[in-house]
Amino acid sequence: MAFKTNAAAISIPDFKEGTIGARVEYFQEADKPLSLAQAQKNFTTSSIKTGSNQSISLGINVAPAWLKFTVLNNSSTLQKYRLSIETPWLDYIDTWLTSGKQVLKHIPGGDGYPFEQRPMAYRFYAFEHNFEPGQTEVYIRIETKGPMAIPIHFSAKEHAIKRDISAGYQYGLLYGIMAALALYNLVLYVFIKQQEYGLYSLYLIGFILNSLSYTGQLHTVITYDFGAYFQDWLDIFLMITYSIAGLHFTRTLLKTKEYALKLDGIVTKATILIPSGMLVGFVFNQLFFSMLLAFLLNTCFVILFIVMGFKAYYANRPFALIFLFSSVTAALCITVSTLAVAGIVVPYNDYTFKAIEVGMALEAILLSLILARQFRSAQLDKVIAEEYARTDSLTQINNRRGFHSQINPIWQNITRKKRDASIVLIDIDYFKKFNDNHGHNTGDKILTALATCITKACRKGDISARWGGEEFIIFLPETPQEQAKLQAERIRQEIETIELILDGNKLLITASLGVAGSHNGMFNHKNLAPDTLESMINHADKALYQAKKQGKNQVHVVNSRKAS
Ligand SMILES: Nc1nc2c(ncn2[C@@H]2O[C@H](COP(=O)(O)OP(=O)(O)OP(=O)(O)O)[C@@H](O)[C@H]2O)c(=O)[nH]1
C-alpha cells in the first residue's frame with residue numbers, strides 16, 4: 001500500500017530522542033470506531049493534519065484520535081527505541097507497528113487497562129521495540145474521556161533510561177522541598193494551633209498528591225489495579241483538594257473577612273458548591289461534568305488568589321505585596337499548564353506541562369517566607385507585650401512584676417552562694433501636697449524625675465522599680481546593709497538636687513528612705529532563703545515608716561541583727 005506522507009519520517013539511529021508531535025499525522029474518528037485497515041485508508045485521504053507543536057492537544061471529552069508516524073531505520077541492525085505517551089490519564093491506547101501490509105505488533109494499553117496488562121510497568125503508556133532495518137509505520141488510536149493531550153516521546157532505550165533518572169531527581173527535589181515545608185508547617189500548627197499553618201500544610205500535601213496523581217506516579221505505585229477511570233476521578237478530586245486548602249489558607253493568612261466580607265463569602269461558597277457539584281457528578285458517574293467543574297474551580301482558584309492579593313494590598317495588609325507577587329507567578333504557571341492540558345491556546349510540551357510545578361514550588365517558598373516572617377513578628381509582639389507588662393507606663397522603669405521577674409534568678413544565686421543583698425524603699429515626702437497645690441500633672445513630672453534620678457544613682461547590677469504610688473524600691477545585690485545605708489544616703493542627697501521649675505520657682509523635692517539588708521549572708525539571724533526577700537522588703541518598709549515618723553528626708557535602718 002502506498003501512503004501519502006506529509007510529516008517527515010524519523011530516521012534512526014541518528015534521531016536519539018525527542019517529542020515527535022511535528023512528525024505525526026492525525027485525524028479524529030467521525031462517529032463510529034474504525035478498524036486499523038479503515039484508519040490506514042483514511043490516512044491516504046486529504047483530511048489529515050500534521051502536529052505542528054511538540055505535542056498534539058485536542059481538548060476535553062473529544063472523539064478518539066488516530067495518529068501515524070514513520071520510523072526509518074537506516075542502519076543494518078535492530079535498534080531498540082522506547083515510545084511513551086506522557087499523559088498518564090489517557091484511557092485506551094492501541095499501537096500497531098506495521099511494515100508494508102504486515103502488522104508486526106499490536107500493543108494495547110492506557111489507564112483503562114489493569115496495570116499488569118499494560119505494555120510496560122510504567123507511569124505512562126509506553127513500550128520498547130526493536131526496530132528492524134528499513135521502514136516501520138506506527139499507527140496509534142487513543143480514546144479518553146479526559147483531556148486529549150498527546151505528547152509522544154520517542155527515544156533510544158539508553159536515552160529513555162537517562163531521562164527517567166533525571167525525572168526521578170527532579171521530582172525528588174520538588175517533592176522534597178514541598179514535603180519538608182509541609183511537615184514544618186504541620187509541626188508549627190500542632191504546637192501553636194494557628195490555623196494558617198495547618199491550612200498551608202494541607203495545601204502543600206494536596207499539591208504533592210495532585211502532582212503525584214497528575215504525573216501518573218501515584219497510580220504506578222499505589223492505585224495501579226483500581227480499574228478504569230479510577231485515575232481520572234482521583235486526578236480531579238486531588239486537583240481540587242489543594243485549591244480548596246489554598247483558598248482557605250489565603251483567607252486566613254490575609255484575614256480577608258476583616259475588610260472584604262463579600263469576597264470572603266464568594267471564596268467560601270466556591271469551595272463548597274463546586275466540590276458538591278463534582279460529588280453529584282461522581283454519584284451519577286458523569287466524569288466530564290465533574291471534570292469541567294474541577295477546571296472551573298481551578299480557574300476560580302487562580303482568579304480569587306489574585307483578587308484576594310489585590311484586596312489585601314489595598315487594605316494595607318502586611319505581606320500583601322509579596323503574596324500578590326507569588327500568587328500571580330503561580331497563577332500564570334497554573335494557567336499555562338491547565339490551558340496546555342485542555343488544548344486551548346498554549347502549546348503542550350515538557351515546559352508547559354511542568355510549569356505548574358515550578359510555579360507552585362516558587363509560591364510555596366514565598367508563602368513559607370511570609371509565614372516565617374509572620375511567626376517572627378508574632379514573637380516580637382509577644383516580647384513587646386511582655387515588656388509592657390513589666391514596665392510602669394508613667395516612669396518607664398520596672399513595675400512590681402518587672403522587679404520580681406528580674407530579681408528571681410539573682411536571688412536564687414545569692415541564697416545559694418550565701419552572698420549579701422539589701423533593699424532600699426523610697427517614698428516622696430508630702431507628695432499629696434504637690435498634687436493638691438500644683439495639679440496631678442506636676443505630680444507625674446515629679447514621679448518621672450525621681451525615677452530618672454534613681455536610675456542614674458543606681459550602680460550597675462542594682463534593680464530599681466516603681467513600687468506603687470509615690471514609692472520606689474531598689475534591690476542592691478552583693479551589698480550588706482551598712483553599705484546600702486551609705487548608698488541610700490547618696491540617693492537621698494541626689495533627690496534633693498532634682499531641678500523642677502514651676503512658675504519660675506524650683507520645687508524642693510525630698511524623700512524618706514528605709515533600708516534593710518543582710519550581713520555576712522545572714523538576715524534576721526538566719527541564712528538568706530527564698531522567702532527572705534519578702535521579709536527584707538517588710539523590714540525596709542518599717543524603716544521607711546520610722547524615717548517618715550522622725551521628720552522625713554532621711555534614711556532609716558531597722559537593725560535586723562537586733563530585731564527578732
Ligand atoms: N500625680 C500622681 N499622683 C499619684 C500617683 N499615684 C499616687 N499618687 C498620689 O500620691 C499621693 C500619696 O499621698 P500620701 O500617701 O498621703 O503621701 P504623702 O502626701 O507623700 O505623705 P508622706 O508620704 O507622709 O510624706 C496621693 O495623693 C495619690 O493620689 C500618680 O501616678 N501620679
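The expected span of a helix is 1.5 Å times one less than its number of residues. Keep that rule handy for the second view of this predicted model.

**View 1. Welcome to the annotated transmembrane regions.** An unreviewed UniProt entry carries the annotation "transmembrane region" for several stretches, including residues 236–254 and 290–310. In the model, residues 236–254 are 100% helix, with end C-alpha atoms 27 Å apart. Residues 290–310 are also 100% helix, and here the end C-alpha atoms lie 30 Å apart.

View 2. Helix 6 covers residues 261–283, and its 23 residues should span 33 Å; the end C-alpha atoms are 33 Å apart, so expectation and model agree. Look along helix 6 for Val267, Thr271, Ile274, Met278 and Gly281, which are buried. In an α-helix, residues three or four places apart point the same way, because there are 3.6 residues a turn. Helix 5 (230–254) and helix 7 (287–314) are among the elements covering the buried residues of helix 6. Just past the end of helix 6, Asn285 has a positive phi of about 55 degrees.

View 3. The strands follow the order 15-16-14-19-22, with mixed pairing. Strand 15 (463–468) and strand 22 (555–557) are the edges: each has a single partner strand, so one side of each has no neighbour in the sheet. From one strand to the next, the twist averages 20 degrees.

**View 4. Strands 14 and 19, with a helix packed on the sheet.** Strand 14 (residues 421–428) and strand 19 (residues 511–517) run antiparallel, joined by seven bridges. Here Ile428 sits opposite Ala511 of strand 19. Helix 14 (residues 532–549) packs on the sheet and touches strand 14, strand 19 and strand 22.

Definitions and conventions:
Residues are numbered from 1 along each chain as its sequence is written. This is a predicted model: local features need pLDDT of at least 70, side-chain atom pairs count only at pLDDT 80 or more; totals for chains, interfaces and linings use all residues. UniProt positions are given in the numbering used here, feature names are shortened, and annotations may be inferred rather than shown by experiment. Helices (H or I, at least four residues) and strands (E, at least two) are DSSP runs, numbered from the N terminus. A residue is buried if 20 or more other C-beta atoms lie within 10 Å of its own, exposed if 12 or fewer, and partly exposed in between; C-beta atoms are placed from the backbone. Two residues are in contact if their C-beta atoms, placed from the backbone, lie within 7 Å. Two strands pair if DSSP finds at least two bridges between them. Axes are lines fitted to C-alpha atoms, for helices over the stretch in contact, and angles run from 0 to 180 degrees between N-to-C directions.
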